[in-house]
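This briefing is meant for a reader who is meeting the structure for the first time. Please look through the sequence and the model below before going on to the notes, which are grouped by topic.

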Amino acid sequence: MPDISDISLVSPGFIVRVTRGKEAGRLFVVLAVTNSEYALIADGRRKRIAVAKKKKFKHLEVVSGTTAAARGASELELTDSKVRKILSAYRCEASTKARKE
């Protein structure tokens, strides 16, 4: 998927991959959209919810349009543990799909 250049392409709960910076290639969950340029993201490990990373949309790539809420956690009750489980489940799904192909 292409980099995000429009705020309408992402919403809280989406799983994204960072394309630039020291976190490049790592997966995160979008916690909030702060304005037309930035999103707050966390992975539950290095970047916890309490100190979420502020990242520009142009440095993010949506990898799963399925929100975290659809994966069993609403945005209101996300914890670091739930974020880690959501990302782990996504990684397992992606690796299973890759093996089947």
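**Charged pairs and the sheet**

R48 has a relative accessible area of 39% and is therefore partly exposed. The model in which this arginine sits is a predicted one, and the structure holds four salt bridges, one of which joins the side chains of R48 and D80 with an N to O distance of 3.7 Å. Because R48 lies in the loop between β3 and β4 while D80 belongs to helix α1 (residues 80-100), this pair ties together parts of the chain that are 32 residues apart in sequence.

**Other salt bridges**

- Side chains of opposite charge can pair when their charged atoms come close.
- The side chains of D43 and R26 form another of the salt bridges, with 2.1 Å from N to O.
- This pair links distant parts of the chain, 17 residues apart, since D43 is found in the loop between β3 (38-42) and β4 (53-56), and R26 in the loop between β1 (15-18) and β2 (27-33).
- D43 counts as buried because its relative accessibility is 8%, which falls under the cut-off of 20%, whereas R26, at 21% relative accessibility, counts as partly exposed.
- E37 and K56 also meet through their side chains in a salt bridge, at 3.6 Å from N to O.
- Here, too, distant parts of the chain are linked, with E37 in the loop between β2 and β3 and K56 in strand β4, 19 residues apart.
- E37 is partly exposed at a relative accessible area of 41%, and K56 is likewise partly exposed, with a value of 26%.

**The sheet**

- Strands of a sheet pair through backbone hydrogen bonds, either parallel or antiparallel.
- In this model, five strands form an open sheet with antiparallel pairing, and their order is β4-β3-β2-β1-β5.
- The edges of the sheet are formed by β4 and β5 (60-64), each of which pairs on one side only.
- On average, and with direction ignored, neighbouring strands of this sheet are turned by 50° against each other.
- The antiparallel strands β1 and β5 are joined by four bridges, and V18 stands opposite L60, a residue of β5.

Technical notes
Residues are numbered from 1 along each chain as its sequence is written. This is a predicted model: local features need pLDDT of at least 70, side-chain atom pairs count only at pLDDT 80 or more; totals for chains, interfaces and linings use all residues. Side-chain values use heavy atoms; hydrogens and water are left out. Helices (H or I, at least four residues) and strands (E, at least two) are DSSP runs, numbered from the N terminus. Buried means under 20% relative accessible area, exposed over 50%, partly exposed in between (1.4 Å probe, protein chains only). Two strands pair if DSSP finds at least two bridges between them. Axes are lines fitted to C-alpha atoms, for helices over the stretch in contact, and angles run from 0 to 180 degrees between N-to-C directions.
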